[in-house]
Amino acid sequence: FFSSMGKKKPQLVQETSKWQKMLRSGEDWTKDDLFDVVGALKQILACLIGLIWGVIPLLGSSGIISFFAVCVGVSFVYYTRFLKIDDEEFGRFEMMKEGLFPAFAVFLLSWIISYNALHV
């Protein structure tokens, strides 16, 4: 009983995951973690945009061009304004294109399915 009285218990340092950090502003990021988060954000955004474009219905090249504009614009604002990341440190063009084409595939899939389910 008395031998353990003066000893301090080691405190556990819990490291935050990249998925927890994506909701907090001003965190420190590694390049790989940031690119994973931005890529995942673009895929979630692509699914939502595809559903909205299918419900509206937005057709043709205007839907595709507006998808790229909204997806790149929202992700750029997210990591420069919300996360406060210096985009030149991680590569501005690399950040914009990270996960863009897998997100485009998710967008097309959700756009086509939602449009066909509601309008065909």
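Buried means under 20% relative accessible area, exposed means over 50%, and partly exposed lies in between, with a 1.4 Å probe and protein chains only as cover. By that scale Lys-84 is exposed, because its relative accessible area is 59%.

Residues are numbered from 1 along each chain as its sequence is written, and side-chain values use heavy atoms, with hydrogens and water left out.

Confidence comes next. pLDDT is the predictor's confidence in each residue, on a scale from 0 to 100. The chain averages 87, and 88% of the residues score at least 70. Helix H1 (residues 18–21) has the lowest confidence, at a mean of 81. Helix H6 (residues 100–119) has the highest, at 96. Where pLDDT is low, the predicted coordinates should not be read in detail.

The chain has six helices and zero strands. Both are DSSP runs numbered from the N terminus: helices are H or I with at least four residues, strands E with at least two. The order is α-α-α-α-α-α from the N terminus on. Of the 120 residues, 32% count as buried. The accessible surface comes to about 8200 Å², and carbon and sulfur atoms hold 64% of that. These areas come from the Shrake-Rupley method with a 1.4 Å probe; for residues, only the protein chains shown count as cover. A contact means heavy atoms within 4.5 Å. Among contacts in the chain with a separation of 6 or more, 75% join residues 24 or more positions apart.

What holds the nonpolar side chains? A nonpolar core is a set of buried Ala, Val, Leu, Ile, Met, Phe, Trp, Tyr and Cys residues joined through side-chain atoms within 4.5 Å. The largest such core has 13 residues, and Trp-29 and Leu-34 touch the most other members. Helix H2 (31–55) and helix H3 (60–82) are the elements that give two or more residues to this core. H2 supplies the largest share, five residues. Apart from this core lies another, of eleven residues, including Leu-45, Cys-71, Ala-103 and Trp-111. In soluble globular proteins, nonpolar side chains tend to be buried together.

Leaving aside neighbours within four places in sequence, Trp-29 is in contact with Lys-18, Lys-21, Met-22, Leu-34, Val-37, Leu-83, Ile-85 and Phe-90.

Arg-24 lies in the loop between H1 and H2. Arg-24 counts as partly exposed because its relative accessible area is 36%. The C-alpha atoms of Arg-24 and Leu-83 are separated by 6.9 Å, although the two are 59 residues apart along the chain. With neighbours within four places again left aside, Arg-24 is in contact with Thr-16, Phe-82 and Leu-83.

Not counting residues up to four places away in sequence, Lys-42 touches Cys-71, Ser-75, Met-95, Met-96, Lys-97, Glu-98, Gly-99, Leu-100 and Ala-103. Lys-42 and Phe-104 are 62 residues apart in sequence and 8.8 Å apart in space, C-alpha to C-alpha.

Between H2 and H3 runs a loop that holds Pro-57. The peptide bond from Ile-56 to Pro-57 is cis, with omega near -15°.

Now follow H3. Its 23 residues should span 33 Å at 1.5 Å a residue, and its end C-alpha atoms are 32 Å apart, which agrees. The expected span is 1.5 Å times one less than the number of residues. Gly-63, Ser-66, Phe-67, Cys-71, Ser-75, Tyr-78, Tyr-79 and Thr-80 are buried in H3. The cover over the buried residues of H3 includes H2, H4, helix H5 (92–97) and H6.

Beyond H3 comes Lys-84, in the loop between H3 and helix H4 (87–90). Lys-84 has a positive phi of about 55° although it is not a glycine.

Last, the cysteines. The structure holds zero disulfides, a disulfide being a pair of cysteine sulfur atoms within 2.5 Å. Cys-47 counts as partly exposed because its relative accessibility is 30%. Cys-71 counts as buried, at 0%.

Notes:
Predicted model: local features only at pLDDT ≥ 70, side-chain atom pairs only at ≥ 80, totals over all residues.
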